[in-house]
Structure formats: C-alpha cells, structure tokens
Amino acid sequence: MEHSVLQVKNQSLNVADSILDCIGQTPLVRLSSLFGAKGPSVYAKLEMMNPGGSMKDRPARYIIEQGLRDGTITSQTHLIESTSGNLGIGLALAAKRYGLKFTCVVDPKITSTNLRMITYLGANVDMVSEADEHGSYLQSRIRRVKELASQDPAGYWINQYANPLNWKAHYHGAGQEIVEQLNGRIDVLVCAVSTTGSILGISRRVKEANPQARIVAVDAVGSVIFGTPSKPRELPGIGANRVPELFSPAEIDQVIHVDDRESVLGCRKLLEREGIFAGGSSGSLVAALEKLLPTLSANANVVTVLPDRGERYLDTVYDEQWVGQLPPGPTVYHATN
C-alpha cells in the first residue's frame, strides 16, 4: 500500500529527467519601467533564464538531439564548434548529458566567466591567438575548426552559421512560446544578430501568427552582415565579420546599428530600471529600442529577446576600467544609490 501511494505521488510531480529538459519556457515580461506605461508595449523574452544562461541552449540541444536521431551524430562523434562563449556552454551541457566529446574553438575576446564555465563542463578548449584580416578572430576560429575536423575522422563541425537546425531550434522554441504567450498579437519583433539563426527562426514563427509583423535586426557597428564596413568592436555575441550562410536579408524589414558604448549604456539602464542583469547584446537591444519606439504607433506590441545573463560580463560591460578603454561615444549611465 505504501509503495503504491509513493508511485502516485511521483507521477503527480512535474520533474525533469535532465538539465536539458529545463531548456525553454522562459518568461516574457513587459519593460514598463524602462519604456513607460504609455506608448508601445515592449515585452522581453528572458532567454538568460535557460539553464546554461542563454538562448544558445536551444540550438545546442536541438542540433545534438536531431543528429542522434538521424545518425549524423553517434556516441563516437567528436563535436567541434567555433563560439564566442554561449553556444559553447550550451553544447558542453548537451555533450555532457549524452557522453560526447566536444572541442570548443574560442578567441581572446571570450569573457573569463564563459571560458571557465566551458572548461568546468568538461569541454576541450582550443584558443586561437591570431586575428583575421578584419582584425577580428571569427575567420581564424573557423579555419581552426576546419583543421581540427579534417584531422579527426570522427570530427563533426556543428557550423551554427550554416546549419538550418539553428533557426529551426528557435522557430520551435522561443518563436512558438512568444506566439503562445502573446496570443499572436505581435506587431514588431526586435532581435540581435550574429549567426542570424535566432531572428530567422523566431520571425518565421511570428510571421505565421501575424504576416504584417515588422522584423527589426539589431547589429553591431563594425559588423559586415548588412554590408557595412568592418570596424574593430569589443562586445562578443553580436555582429559578425562574415555573412552567415543562413542569412536571408529579404526577411528583415529594418536594421539598427549600435556601438559598444551604446550597448553598455543600455545594459546599465536595463539593470537599474528593470532589475534585469543582462549581457552586452541585451544592452544593444535597449539602445535600438530607444531609437525605434518613437517611430511606432502607441498601440504597437513590440517583442524583443534578451539573449544572456549579465554575470558573465562582469569583467567587461560592468567593469569601469574596461568601459573606459572603449572609443569615445555616449556617456555611460551610472546607477544611482
């Protein structure tokens, strides 16, 4: 009798089988303190609340599990990927869950917190040291990934810049959740871009709910994704020095470029006014929204996606010495006591 009662209790619990099952179903909150109760309603999808701390948990899990299902990934596969940090953490989580070998190719601009997290999760770390022809490290990282994959017959390059499973993860994940959370009432979607997988996946699902929805991309000053000149930039996780194979410019209605200092300013405002401790690309989104909102109808529903947590940027965005070394720009916002 006691055993049967225990079984009934366990069956009634909502318990995840693994940490990967905790990915998704992140909250959507209105940024009413930051943008006010009047004017367009701005909602933020808190992707930093995924267990690995970022939206990249979604494609990491999706790509590995789809690969295991169709046989492109086996127990002997050596996963290899280039990342600025967040996807590396997500892949390391998924690789640990499935007992897979994973090598993460990073560069000196990765935050110290991300680097340590990837290492603690058991991934191999390969650090490139030479900048590419654009003064960045992306091309150098990709060349190194190709070298490692060619040296190991079991090597498998995830290739987030070209893998369609990247955008599909966001379509079935955050995109589906946003539509459900707002009952499809979405007029404008504002997303940061790097691989472009998240903006394409989420927007394709949003467009199914509202074909008239406007899609706004937020890119870094110095990124070449939208054809602007390459320039030095310091914040990881937004922008790119190569055009991703996934990129579909016809699906983007507007692009807003934001520089590093504007991103820092946005992070500080988001933290003080909303209590949301977010990463650098979230600050870029805040800065872009400040430029965008005056052009919109007061009745518009605007959704943005905050990609990752702020604690992994304590030695960059939230460090006064690091900020002081950025090129001149907007005065950085300091929180009041």
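Arg205 is buried, at 14% relative accessible area, where buried means under 20%, exposed over 50% and partly exposed in between, with a 1.4 Å probe and protein chains only. Its salt-bridge partner is Glu208, at 3.3 Å from N to O; by salt bridge I mean a side-chain nitrogen of Lys or Arg within 4 Å of a carboxyl oxygen of Asp or Glu. Glu208 is partly exposed, at 49%.

A quick word on the model, friends. This one is predicted, so to speak of local features we need pLDDT of at least 70, and side-chain atom pairs count only at 80 or more, while totals for chains, interfaces and linings use all residues. Residues are numbered from 1 along each chain as its sequence is written, and side-chain values use heavy atoms, leaving out hydrogens and water.

Back to the charges. How many salt bridges does the structure hold? There are 16. One of them joins Glu177 and Lys45 at 2.7 Å, N to O. That pair links distant parts of the chain, 132 residues apart: Glu177 is in helix α7 (residues 164–181) and Lys45 in strand β2 (residues 41–46). Both residues are buried.

Then there is helix α6, residues 138–151, where Glu147 and Arg144 lie three residues apart and meet at 3.0 Å, N to O. Finally, Asp21, Arg61, Glu65 and Arg69 form a salt-bridge network.

Methods: Helix = DSSP H or I, 4+ residues; strand = E, 2+ residues; numbered from the N terminus.
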